[in-house]
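Please keep the structure open while going through the numbered points.

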Amino acid sequence: MPAVALAEETAPSDARSGVQQTMGGGPSDQDLARLSLEELAMVEVTSVSRRPEALADAAAAVFVISAEDIRRSGATSLPEVLRLAPNLNVQRVNASDYAISARGFNGYETSNKLLVLVDGRSIYSTLHSGVFWDAYSLTLQNIERIEVISGPGGALYGANAMNGVINIITRSAADTQGTLISVGAGSDDATYAIRHGGNLGGAGAWRAYLSGHVRGESQSLTGLGANDDAEGTRAGARADWAVGENRLTLLADVFDNQVTVNEDLLGTETHVRGGNVLGRWTRPLAGGELQVQAYFDHFERDEPGSLEESDTWDLSVQHAMDFGRHQLVLGAGHRVIDSRFTTAPGGAFLSPPERTLTLTNLFVQDQVALREGLTLTLGAKFEDNSFSGQEFLPNVRLAWQRPGGDLLWGAVSRASRTPNRIERDLILPGFLEPGDFRSERLTAYELGYRANPTPRMSFSINAFYNVYDDLRTVSITPATIFPLMFSNHGEATTWGVETWGSYDISPAWRLSAGISTLTKDYDASTPDDISGLVSIGDDPDYQMLLRSQHELTDAVELDVRLRAVGDLATVDSYVEADMRLGWRLTDQLELSLTGRNLIEDRRVETGDPVRARAFGRSVFGALQVRF
């Protein structure tokens, strides 16, 4: 069964992706294309400490996917973009569904320990802990950067930031002036995007956009069409402006996607709809910065025989300030989720069908400069949520930065994943009844090193050892066996290494590589668990990525990506390749041709016995014009 994240903390301070960026904030995607590796190390990130800092100073396993990386990937969907992060494992399940995790527990129904944020808004389902990736067909041309943190983020982001955080930050309206038209089509996919932006007098800027996609069907394991094609439309607007010292941002999006429930290969239609609006106010205060953010999110999934709806209201306040040797971040938030799930009579159902879930939190983090180059970070979050009550999530981090810029850091953290509606409310008459499922818990130990040994080389290496308690299991009723119920009798340890780096062969040619390993130790024969601890997921022992970005001429780009993924329980290891050729006819006009999955005729990425589908080679051509 899927497992749900009930409550996560809101996003990091994103005000700097607003008007402030046009006044000297982070670089645009065009600027990133020209930065050296040393300059890239100074690119600003906000996810690690919820305040701006240079990537080189961030004491965490963080990988940044820039707008330039997204453009040169040739990807047509957000999950395909996330393949660029070597600290994520991405498994494509069918035409629209993916399983994405950091540091293990991957699988369509087990990838429940990764917090995902878009401009400060959580996109976790209140029904289960995984993201419905088929609902989030974001307009890739609007993304400024994606900060991917592998490792727990509970002290800042709360429960469910257990194994990592993906923070997607869209571009400020001031960076998207004028008109952009992008169209693409290929053997599997077709996409379009139209965007226009303008000024709000002399105080700010605005943009509006419309985008859409069509996904071709995948293949069944026997080679037949899987009837899982999909299509969708998304529209939205953004405004960023300043009034004196006050900076304001207003965002709104709506979407309507038609996907399929294809376990039976019949192509049964499902509609996924929703919309959201977010407002953010930021201003200087008491030698620091105050941020207040609020959002409303509506989500609806209409499948034959069931309807899920949720309405989320969220308010958060954060104040970051410096005094003496201390960099302090204080925050609080409150969230209310109205969740409704109804099914046709005679099958599984949730009791009660409607719930109002709440989350209240307080957090504090202090970065203390012990001496030159040595920083101690102490942080903790206190949460109270509807299912598991009070949670205390501490974090201790020590970082030493040499005068040359190398960073050595270590951390000990506590994180958790709260129960969800399925784990607490699901009933299958005579077979499964609600139990007293509690939060899953993690104690994580991390050690990392980041360096730029030469102007042409940079790398990061991170090791982790995770100890999990109270993992989800399935227990029997003594004497009668049935009904079954969810319980917390699982334990596991995992450990591994994540490393990535880049080398500039010449000013026009950059090579990047990444390797991640994972070892899991757990007892699948726990007497109180009849599931064999399936919640541990299905993960490869290793993953290797290699990327070449070569500017053949001033106008022609060649990008090649290789990935090698280890065995799953029922899926053999594979090596796959993608290639993109881009041609900038003028500064405003660009053509590209991308080939995907070029090595194998058919490839399966997941061991899910019900949903697993196969994918073959494909080609995609795109045209983009700006004026």
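**Notes on cavities, core and strands**

1. The residues of the lining of the second largest cavity divide into 9 nonpolar, 8 polar and 12 charged. In this division Ala, Val, Leu, Ile, Met, Phe, Trp, Tyr, Cys and Pro count as nonpolar, Asp, Glu, Lys and Arg as charged, and the others, Gly among them, as polar. A cavity is a set of points, on a 1 Å grid over the protein atoms alone, where a 1.4 Å probe fits but cannot get out, and lining residues have an atom within 4 Å of a point.

2. The model is predicted: local features need pLDDT of at least 70 and side-chain atom pairs count only at pLDDT 80 or more, while totals for chains, interfaces and linings use all residues. Residues are numbered from 1 along each chain as its sequence is written, and side-chain values use heavy atoms, with hydrogens and water left out.

3. The second largest cavity holds about 290 Å³ of space. It is lined by 29 residues, and Ser77, Glu80, Arg92, Ala95 and Tyr98 are the closest to its centre. Two or more lining residues come from each of α4 (78–82) and β12, and α4 gives the most, with 3 residues. Helices (H or I, at least four residues) and strands (E, at least two) are DSSP runs, numbered from the N terminus.

4. In total the structure holds 12 cavities of 30 Å³ or more. β36 gives the most, with 5 residues. The lining of the largest cavity comprises 13 nonpolar, 16 polar and 8 charged residues.

5. Which residues of the largest nonpolar core touch the most other members? They are Ile65, Leu82, Leu88, Ile146, Ile166 and Ile168, in a core of 46 residues. Such a core is a set of buried Ala, Val, Leu, Ile, Met, Phe, Trp, Tyr and Cys residues joined through side-chain atoms within 4.5 Å. Buried means under 20% relative accessible area, exposed over 50%, and partly exposed in between (1.4 Å probe, protein chains only). In soluble globular proteins, nonpolar side chains tend to be buried together.

6. Ile146 is in contact (heavy atoms within 4.5 Å) with Phe63, Val64, Ile65, Ile70, Leu78, Val81, Leu82, Ile166, Asn167 and Ile168, leaving aside residues up to four places away in sequence. Another core, of 17 residues, lies apart from the largest one and has Val48, Ala60, Tyr157 and Val165 among its members.

7. Strand β9 is mostly covered, since 7 of its 7 residues are buried. Gly164, Ile166, Ile168 and Thr170 point one way from β9, whereas Val165, Asn167 and Ile169 point the other way.

8. How is β9 placed in its sheet? The sheet is open and has 5 strands in the order β3-β8-β9-β6-β7, with mixed pairing. β3 and β7 (121–122) stand at the edges, each with a single partner strand, so one side of each is left without a neighbour in the sheet. Two strands pair if DSSP finds at least two bridges between them. β6 and β9 run parallel and are joined by 5 bridges; Val118 stands opposite Ile168, and Val116 opposite Ile166. β8 and β9 run antiparallel, with 7 bridges, and Ile149 has Val165 as its bridge partner.

9. Strands β15 (residues 268–285) and β16 (residues 288–303) form an antiparallel pair over 15 bridges, in which His271 is partnered by Asp302. Their hairpin has 2 residues between the strands, and Ala286 takes a positive phi near 50 degrees there. β16 is also joined to β17 (residues 306–323) by 16 bridges, again antiparallel, with Phe299 opposite Ser310. In the hairpin of β16 and β17, Gly305 takes a positive phi near 95 degrees.

10. Asp559 touches Arg72, Ser548, Gln549, Asp578, Met579 and Arg580, residues up to four places away in sequence not being counted.

Note on methods. 1 Å grid on protein atoms, 1.4 Å probe; cavity = no way out; pocket = protein on both sides within 12 Å on 5 of 7 lines; lining within 4 Å. Points joined across faces, edges and corners; volume = space filled by probe spheres on them.
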